[in-house]
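Subject: Structure handover

Hi,

Here is the structure I promised you. Please open it before you read on.

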Amino acid sequence: MRVLTVEGVRIDDTFAEAFGMRATALIITADSARWALQAAQTMTGFATSVIGCGCEAGIDCELAPKQTPDGRPGVRVLLFAVSTAELQKQLQGRVGQCVLPSLGSACFAGIDGEESLRLGNGLRYFGDGWQISKRFGAKHFWRIPVMDGEFVCEAKTGLTKKAVGGGNLIILGRTSKSTRAAAEAAAAAIAKVPDVIAPFPGGIVRSGSKVGSKYKRAPASTNDAFCPTLRGAVKTSLDADTGSVLEIVIDGLTSDAVAAAMRAGIAAIVKLGPKRGATRITAGNYGGKLGPHHYHLKDLVP
Amino acid sequence: MKPLTFTLRQRPEQRLDLSPLVPHLLAGKTAKQIEHIELQTTRVRADVGEIFRVRMGDAEHIRIEGATDRFDRVGEGMTTGEIVVEGDVGVRVGRLMRAGRLTVRGNAGPWAASGMKGGVIEIFGSANDRLGGPLAGEMAGMRGGIVVVRGHAGERAGDRMRRGTIIIEGEAGAYAGSRMIAGTLIVGRKAGPLPGFLMTRGTIVLGSGCSAISPTFMDCGQHELLGNRLLAGFIEPFSKKAASLLQRPLQRLAGDMAVLGKGEIFIGNRN
């Protein structure tokens, strides 16, 4: 494999392979930024991978009072799933169990899609007949009486079919400390990119997986080619000096957003340099036949 | 582009039906064709050329100058464009309007905005009885859009309203929001007796209360609700006065318990 070296960091001539997904966005507001964030974090918990969690979800950004529909502090949340039906189910369950109970919360559409998903239109039944429908111009809201006043929820939110899931960067370093520093820098840079999330804890994955397993029941298993402790035992992808590997998985509302996030991540890693951070960046793919979106690292180098 | 202007020659001898003078019906017509449109409501013929001096212009923007309360059905069934009326109008201004903008720089007669479905009506003076209300035999009144009355409104404003927003910056007469099905009615100042009479659903906001409230409305306490804040944001471009009314705690009354009882009246205290 041809290798490109930028500022001492080796960048493999390979690509990240990503898949089309269905996605939606919400704006969650509350009386204070702390409670808006709390509702958003609760709602996007246990949403790291569609395989085990039904959806991938995360916080896109925090919003100032001026940027929200009701003039209160808010948070924009993104949700990704493999089908419209699953996305609808996850949206309903997560807003109903995590946002509705969160004190002082309200929930609004965060995206105008060509199609829509039910938001308040499903949750209104919690009102047991006391829910109130209000249409203000083109906007439709439900007011649902709750114990601290009313839960205001927009009737629908948008759905996009152009979303992309599975953009990724694999970060290799000499020590766990330096690899972590590089991954943290990349995750922080990606968090600033609009319309994307990195759904894993803190945006970083340490348990990258490969498809299949020696065990029949497991659809995926540890990515042994990148496990430093197995370097001598398996057909490894690691260099002699690699002591630790971390991955960042990226989901975006558009393919361009995913590319922008990967570009920002690579730039942050390169800026940190090989001494304090990573020595090498690569990406995960399945040979290019499974996913329609390919992000070549050489095109994303700063 | 210049507006298509109709200037009254002299006060008409009879009430006139101005419903043909809306943008979608005048589009593409020549001056001659427009002047031959009949407006009479009696057996005596009265066409546009006889009543008005017509200055041709863009039919999307219509101006009616020198209007009087004998002009009925102005802007009826309007679907696009803009009509500006200088002066008063008679009955049913903007009835069944679907879209566009209708401005009356004067007073409006009864049944203004009756059964309106969309668009914006602004009345600088006052509106007479049954603002937005249905005609006899109709099941619902206003069904969408926004009506702003800068002055006062007569009795039964918002009668049988189903959707949309009515803002009355001044006072409202008796039975404001009677038989409301849904929608929003805001009265900036005081309302007459028995607002929300037999309302099933919907929201009425009274800036400074009313002369008498029905005993079938139940006090639910003072609240500052997010829903009202969203409403304020929505109506602010149309009426700053009404928007400021909603930015404070309001007394919520639930009713009318004589019927379904899922409506609400918010009362502000400006005194």
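Below are notes on the domains, a helix pair and the chain contact.

This is a predicted model, where local features need pLDDT of at least 70, side-chain atom pairs count only at pLDDT 80 or more, and totals for chains, interfaces and linings use all residues. Residues are numbered from 1 along each chain as its sequence is written, while chains are lettered from A and ligands numbered from 1 in the order in which they are written.

Domains first. Chain A has domain 1 (3–18 + 163–300) and domain 2 (22–160); the bounds come from an automatic or database domain assignment. Their C-alpha centres are 31 Å apart. In chain A, 12 residues of domain 1 are in contact with 14 residues of domain 2 (contact: C-beta atoms, placed from the backbone, within 7 Å).

Now the helices (DSSP runs of H or I, at least four residues, numbered from the N terminus). In chain A, the axes of H1 (residues 33–43) and H3 (residues 84–99) come within 9 Å and cross at roughly 135°. Axes are lines fitted to C-alpha atoms over the stretch in contact, with angles from 0 to 180 degrees between N-to-C directions. On the H1(A) side, A:Ala39, A:Thr42 and A:Met43 meet A:Arg94, A:Val95, A:Cys98 and A:Val99 of H3(A).

Last, the chains. The contact involves 13 residues from chain A and 9 residues from chain B. Helix H4 (residues 226–235) of chain B gives the largest share of the chain B side, 6 residues.

Best wishes

Note on methods
Two residues are in contact if their C-beta atoms, placed from the backbone, lie within 7 Å. Helices (H or I, at least four residues) and strands (E, at least two) are DSSP runs, numbered from the N terminus.
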